[in-house]
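Work through these exercises with the model open. Each has a task and a stepwise solution.

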Amino acid sequence: MNFQLSQEQEMLVDAVRSFVSKELLPHEEAVDRADEVSADLAGEIRSKAIAAGFYAFNMPEEVGGGGLDYLSQALIERELAKCSWALHVFVARPSKILMACTGSQIGDYLLPCVQGRKVDCFALTEPGAGSDANAIKTRAVRDGGDFVLNGSKHFISHAGHADFAIVFAVTGTYEHNGRQRNAVTSFLVDRDTPGLTIRRGPKCVSNRGYHTFEMFFDDCRVPASKVLGEVGKGWEVANAWLTAGRVMVAANCVGQAQRALDASLQWAADRKQFGQAIGSYQGVSFKLADMATQIRAAELLTLHTAWKMDQGSMTDGEAGMAKLFASEVLGRVADEAVQIYGGMGLMDEGPVERIWRNARIERIWEGTSEIQRHIISRELLRPLMR
């Protein structure tokens with residue numbers, strides 16, 4: 001791998017960094033305190049992201065997206081993550097699962113999402129099916145030309161802003177290695193579909209203003225034309241996106257960690273104790289050195305994994321390594337930033353307390369650290385245990 005970024009990539013990073021600084025960060029504190037992004041602000045960010053050419057950068061050019069390679073996407077994610085998810089989510093990255101759209105679905109869902117006229121959300125997690133996604137209980141039963149959905153979802157990010165949800169439901173069973181497993185199908189479900197209720201979920205301390213929702217399906221009738229992909233093959237639709245998503249989460253973690261380090265460096269240089277800047281004491285300076293070293297390692301691992309994705313050679317285990325390592329580095333770096341700031345690190349007058357809170361979710365969503373270790377170890381052992 002050539003670790004030198006191209007001139008175009010350098011320009012892209014500079015442009016996104018400037019966008020975050022000018023258009024997102026000035027709103028971060030107010031959004032965090034209000035735990036809300038107004039509709040006007042959301043629309044403003046979306047419009048400016050479209051005008052700047054950042055909107056739907058993850059989608060192929062043939063459908064009107066940015067057409068960027070995964071390495072460039074990871075670089076953008078790294079920069080966007082220097083602001084809370086509550087704001088940078090409006091620089092939208094539609095679910096790439098929508099590339100499975102066919103026929104009228106393309107004009108009804110895929111293209112409007114790429115163009116910023118519609119917003120999607122991903123509805124998989126259930127109260128009894130988090131890490132064990134195959135344990136979902138939402139059912140879809142065929143009834144003539146429709147499917148009737150019953151069940152519930154929770155922790156569905158951004159569903160309050162979404163025009164429709166990509167919903168996963170069990171439509172049958174099949175036998176695999178002597179065990180019965182769920183056959184899962186993906187559906188495109190409009191938010192105003194009768195039988196669908198969406199309500200705000202419990203408040204989360206991470207990323208205030210970026211809300212999760214609960215979704216309830218009570219004899220929710222969805223036309224068979226809204227099946228995304230093939231009946232019973234929902235995992236085939238989802239898995240490629242989920243694996244790539246873990247690499248982008250890793251890039252997000254690197255960006256947050258870098259912001260924590262930058263703030264800590266400035267504090268260590270400015271804060272005086274016993275007549276000297278606290279950065280002159282080993283107790284602080286060695287923390288900074290360790291933080292910088294760990295961030296560099298996480299960044300190189302993440303970018304290398306994104307590069308492998310571009311080559312078509314990335315494995316699930318490698319995506320898991322990037323997500324695992326980067327999210328845990330972020331946790332350590334955020335904690336050390338609080339320690340360097342001392343009591344002020346826990347006050348809500350600066351960014352460190354916010355970074356510390358926001359960091360905690362990264363070891364849970366998109367697959368917990370424990371799940372990543374399971375994926376990695378299984379991949380390592382598989383060739384030796386056949």
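The lining of the second largest pocket splits into 4 nonpolar, 1 polar and 5 charged residues. The model is predicted.

**Exercise 1. The second largest pocket**

Task: find what lines the second largest pocket, and which helix gives the largest share of the lining.

Solution. 
- Step 1. List the lining: R17, V20, S21, L25, E79, K82, R259, D262, A263 and P351.
- Step 2. Assign to elements. Helix 1 (7-34) and helix 6 each supply at least two lining residues. Helix 1 has the largest share, with 4 residues.
- Step 3. Assign to domains. Domain 1 (7-101) and domain 3 (237-382) each provide at least three residues of this lining.

**Exercise 2. The cavity**

Task: state how many cavities of 30 Å³ or more the structure holds, and describe the lining of the largest cavity.

Solution. 
- Step 1. Count. There is 1 cavity of 30 Å³ or more.
- Step 2. Go to the centre. Of 13 lining residues, A81, C83, S84, Q256 and N358 are the closest to it.
- Step 3. Helix 4 (85-88), helix 6 (234-270) and helix 9 (351-359) each give two or more residues to the lining. Helix 9 gives the most, with 3 residues.
- Step 4. Classify. The lining of the largest cavity has 4 nonpolar, 5 polar and 4 charged residues.
- Step 5. Check the domains. Domain 1 and domain 3 each contribute at least three residues to the lining of the largest cavity.

**Exercise 3. The interface of domain 1 and domain 3**

Task: how many salt bridges does the rule find across the interface of domain 1 and domain 3, and what area is buried between these domains?

Solution. 
- Step 1. The assignment gives domain 1 (7-101), domain 2 (119-228) and domain 3 (237-382).
- Step 2. The C-alpha centres of domain 1 and domain 3 are 20 Å apart. Their contact takes 23 residues from domain 1 and 24 residues from domain 3.
- Step 3. Take the area. About 2,000 Å² is buried between the two domains, and carbon and sulfur atoms give 61% of this.
- Step 4. Find the main contributors. On the domain 1 side, Y70, R78 and I97 supply 27% of the area buried against domain 3, more than any other three residues.
- Step 5. Count the salt bridges. The rule finds 5 across this interface.
- Step 6. Inspect a salt bridge. R357 pairs with D32, with the closest N and O atoms 2.9 Å apart. The cut-off is 4 Å.

Notes
Residues numbered from 1 in each chain as written. Predicted model: local features only at pLDDT ≥ 70, side-chain atom pairs only at ≥ 80, totals over all residues. Heavy atoms only, no water. 1 Å grid on protein atoms, 1.4 Å probe; cavity = no way out; pocket = protein on both sides within 12 Å on 5 of 7 lines; lining within 4 Å. Points joined across faces, edges and corners; volume = space filled by probe spheres on them. Nonpolar A, V, L, I, M, F, W, Y, C, P; charged D, E, K, R; others polar. Domains from an automatic or database assignment. Contact = heavy atoms within 4.5 Å. Buried area = accessible area lost by both parts, 1.4 Å probe. Salt bridge = Lys/Arg side-chain N within 4 Å of Asp/Glu carboxyl O.
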